[in-house]
Amino acid sequence: MANIKSVSKKTKAQAMGMHTEVLTGRTQQKFFNPDEAENFYYFGTYDVDFNKRTDLDVKDMTAAEANKEIDNLMSQGYGTIVIKNPQGKHSLGVGILNKLNLIFEGSLGYFGMGSCDGPIVRINGRVGWSCAENLMAGKVVIEKNAGSCFGAAIRGGDLICKGSVGARTGIDMKGGTIIIGGDAGAFTGFMMQRGRIIILGNVGINLGDSMYDGTIFVGGEIGSYGSDAVDSELTKSDQDWLRRKLKVAEIGESFDVSKMKKIVAGKKLWNYDNLEPTEKKGAI
Amino acid sequence: MCGIAGLIHRGKSSKVGHELQGMLQALKHRGEDSTGYALYGDTDGKNFIMRFKVGENVGEGSTSVAEDISVYDERKKIVDSYLLEMGAKIIKEERILPYSLRYEIEYNKKDLLEFSQKIESIPGVEILSMGKSLEVIKDLGNAKMVCDRYNLDKLVGTHAIGHARMATESGVDIKSAHPFWGYPFSDVSVVHNGQLTNYWNNRRALENKGMRFMSECDSELIAVYLAEKMREGASLEEGMKESLSGLDGVFTYFVATKDSLGMAKDTMAAKPLVLYESDDLVAMGSEEIAIRSILPQEIDTYDPFDGEVKVWQI
């Protein structure tokens with residue numbers, strides 16, 4: 001594949017200093033160039049029409065059958081799909097890589113909406129562990145509560161829970177925004193590397209433990225701070241952003257964001273001390 | 001990983017055997033090496049019900065050594081003679097399987113420690129449960145297999161806890177299966193999902209105090225730990241709260257007594273639990289699909305937080 005050392009012209013990302021690696025030999029690493037977008041093919045995606053709507057009752061289906069049927073409907077151009085009777089099944093709605101309006105009339109089990117890139121999803125119920133894990137883009141709204149590992153390792157998009165969430169929310173997240181209307185459990189933001197978490201209620205012990213970067217906003221009480229999580233000044237631009245975000249999320253629009261606490265990484269982790277400045281930039 | 005489930009009806013009885021079977025069967029993907037039920041049935045409360053085994057299930061997948069079936073009869077005879085010796089009268093006896101028995105006995109002494117020690121001094125004999133309401137039934141296989149084998153479907157009661165086990169740290173046998181009886185307290189049972197990392201330290205300390213362990217399954221420690229706390233005078237809830245710091249590792253466990261059901265979750269919240277609570281029913285399980293097996297309609301559920309302890313009364 002690409003041999004970066006032999007490429008004389010820098011990519012846009014390299015020119016901006018986002019990637020400074022000088023790789024030799026064979027590598028699988030590719031950098032996305034917007035000019036070449038048309039040459040990229042995203043396997044398993046469909047052009048759908050949001051005005052084309054259908055219902056799907058998954059009561060007597062396995063998760064695999066339900067997901068296959070969703071895929072089949074998207075291939076027929078359906079852009080709005082209402083899922084009836086999900087009944088807490090695991091792994092529903094996973095791997096959707098195109099824009100889609102998806103509505104669940106009920107609750108999901110584990111790994112609901114995992115590894116998605118683009119859909120707008122409303123879940124009129126509760127979700128189990130690891131909802132929207134690895135979300136790349138799109139928006140997932142949960143009307144009730146969520147289990148642990150909510151939004152684990154998300155890269156982008158908005159993940160909104162109007163109720164409370166379990167432990168390790170936003171663990172290992174690398175981008176995007178997670179918004180919680182209620183309380184959050186222990187180890188929220190554990191090892192987060194980028195992105196933002198907003199919690200309007202209380203949060204449990206070890207908040208932001210071992211976080212590398214990113215920002216956590218908390219409206220209620222904090223059980224305890226994790227290793228390397230420190231307070232930071234809540235700026236006016238932070239407050240403006242919070243108001244905008246909460247309004248768009250249809251959650252806590254009247255919430256007084258000026259009293260929220262802002263938590264960031266102290267960046268005292270060993271690897272930060274040992275890295276060169278350019279390497280630090282690459283790491284985050 | 002293992003799966004646990006429990007339910008308690010408040011103010012009424014129901015077919016808890018059937019309901020728990022449905023909940024545990026929904027969790028069978030979490031482990032089906034063995035399945036166990038702790039059912040709290042409707043009884044007149046006069047006599048003790050003793051569930052015990054005189055051997056192991058040596059069927060497919062078992063890690064137990066096969067024995068000649070005549071050994072079971074010999075052990076049963078000794079149990080009968082010991083009961084007579086201790087002044088216990090057998091009112092009704094059922095031999096459900098060659099190795100599994102259920103006795104209804106009249107026994108007037110309150111302290112079950114001496115009683116249990118005497119019965120379990122017979123090699124190969126283990127009391128699975130002793131109580132005036134509690135019946136622990138556990139065997140190899142998934143929930144439906146065990147339910148059918150022991151005809152649990154029709155058992156009516158107020159509450160129940162159960163466990164679908166994937167054996168990781170000890171054998172595939174009945175002695176390592178959950179639930180564990182809170183020996184020597186009548187009507188106390190425990191199921192657990194997780195791993196306890198200070199098992200041996202705690203076990204040694206408890207054994208030095210005279211407590212008994214029948215298996216090398218770390219989950220048994222919870223039952224013994226709570227029994228020891230209660231023996232020292234703590235209430236069930238106090239014992240459970242102390243266990244959050246006394247037990248090291250990751251765990252979610254349920255405890256049931258004659259009239260209550262409790263749950264505890266460790267401070268790392270590493271093991272799952274979903275809970276549904278209404279005025280007349282509390283149902284909980286490792287996954288929501290367990291609750292959905294008895295409540296298919298849309299319901300509000302939530303995950304208890306880290307370090308949370310809850311106890312409900314019937």
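Visitor: How do you know how far to trust the model?
Guide: This is a predicted model, and it comes with confidence scores. The model scores ipTM 0.82 and pTM 0.85. For chain B the mean pLDDT is 92, and 100% of its residues reach 70 or more. For chain A the mean pLDDT is 87, and 80% of its residues reach 70 or more.

Visitor: What is chain A made of?
Guide: Chain A has 5 helices and 11 strands. Of its 284 residues, 43% are buried. Among contacts in chain A with a separation of 6 or more, 28% are between residues 24 or more positions apart.

Visitor: Why is Leu92(A) called buried?
Guide: A residue needs 20 or more other C-beta atoms within 10 Å to be called buried. Leu92(A) has 28 C-beta neighbours inside 10 Å, so Leu92(A) counts as buried.

Visitor: Where is Leu92(A), and which residues is Leu92(A) in contact with?
Guide: Leu92(A) is in the loop between strand S2 (78-84) and strand S3 (101-105) of chain A. Leaving aside neighbours within four places in sequence, its contacts include Ala63(A), Ala66(A), Asn67(A) and Leu108(A). Ile70(A) is 22 residues from Leu92(A) in sequence, and their C-alpha atoms are 9.5 Å apart.

Visitor: Which residues is Ile91(B) in contact with, apart from its neighbours within four places in sequence?
Guide: They are Asn47(B), Glu104(B), Ile105(B) and Glu106(B). The C-alpha atoms of Ile91(B) and Ile105(B) are separated by 5.3 Å, although these residues are 14 apart along the chain.

Visitor: What makes S4 and S6 of chain B the edges of their sheet?
Guide: The sheet is open and has 4 strands in the order S4-S5-S3-S6 (chain B), with antiparallel pairing. Strand S4 (89-97) and S6 of chain B each have a single partner strand, so one side of each lacks a neighbour in the sheet. Neighbouring strands of this sheet are turned by 20° against each other on average, direction ignored.

Visitor: How do you know that S4(B) pairs with S5?
Guide: Two strands pair if there are at least two bridges between them. S4(B) and strand S5 (residues 100-106) of chain B are joined by 7 bridges, so they pass that test. They run antiparallel. Arg95(B) has Leu101(B), in S5(B), as its bridge partner.

Visitor: How many bridges pair S3 with S6(B)?
Guide: Strand S3 (residues 48-53) of chain B pairs with S6(B) over 5 bridges, in the antiparallel sense. The bridge partner of Phe52(B) is Ile127(B), in S6(B).

Visitor: Why is S6(B) described as mostly covered?
Guide: Of its 6 residues, 6 are buried.

Visitor: How do you know that the buried residues of H3(B) line one face?
Guide: In helix H3 (residues 112-120) of chain B, the residues Leu112(B), Phe115(B) and Ile119(B) are buried. Seen down the helix axis, they fall within an arc of 60°, so they line one face of H3(B). They pack against helix H2 (69-85) and strand S6 (126-131) of chain B.

Visitor: What puts the buried residues of H7(B) on the same side?
Guide: Leu236(B), Gly239(B), Met240(B) and Ser243(B) are buried in helix H7 (residues 236-246) of chain B. They cover an arc of only 100° around the axis, so they are on the same side of H7(B). Their cover includes helix H6 (220-231) and strand S11 (249-256) of chain B.

Visitor: How many residues does each chain bring to the contact?
Guide: Chain B brings 17 residues and chain A 22 residues. On the side of chain B, helix H8 (residues 288-292) gives the most, with 3 residues. That side divides into 8 nonpolar, 2 polar and 7 charged residues.

Key
Residues are numbered from 1 along each chain as its sequence is written. Chains are lettered from A and ligands numbered from 1 in the order in which they are written. This is a predicted model: local features need pLDDT of at least 70, side-chain atom pairs count only at pLDDT 80 or more; totals for chains, interfaces and linings use all residues. pLDDT is the predictor's confidence in each residue, from 0 to 100. Two residues are in contact if their C-beta atoms, placed from the backbone, lie within 7 Å. Helices (H or I, at least four residues) and strands (E, at least two) are DSSP runs, numbered from the N terminus. Ala, Val, Leu, Ile, Met, Phe, Trp, Tyr, Cys and Pro count as nonpolar, Asp, Glu, Lys and Arg as charged, and the others, Gly among them, as polar. A residue is buried if 20 or more other C-beta atoms lie within 10 Å of its own, exposed if 12 or fewer, and partly exposed in between; C-beta atoms are placed from the backbone. The arc is that of the directions from the helix axis to the C-beta atoms. Axes are lines fitted to C-alpha atoms, for helices over the stretch in contact, and angles run from 0 to 180 degrees between N-to-C directions.
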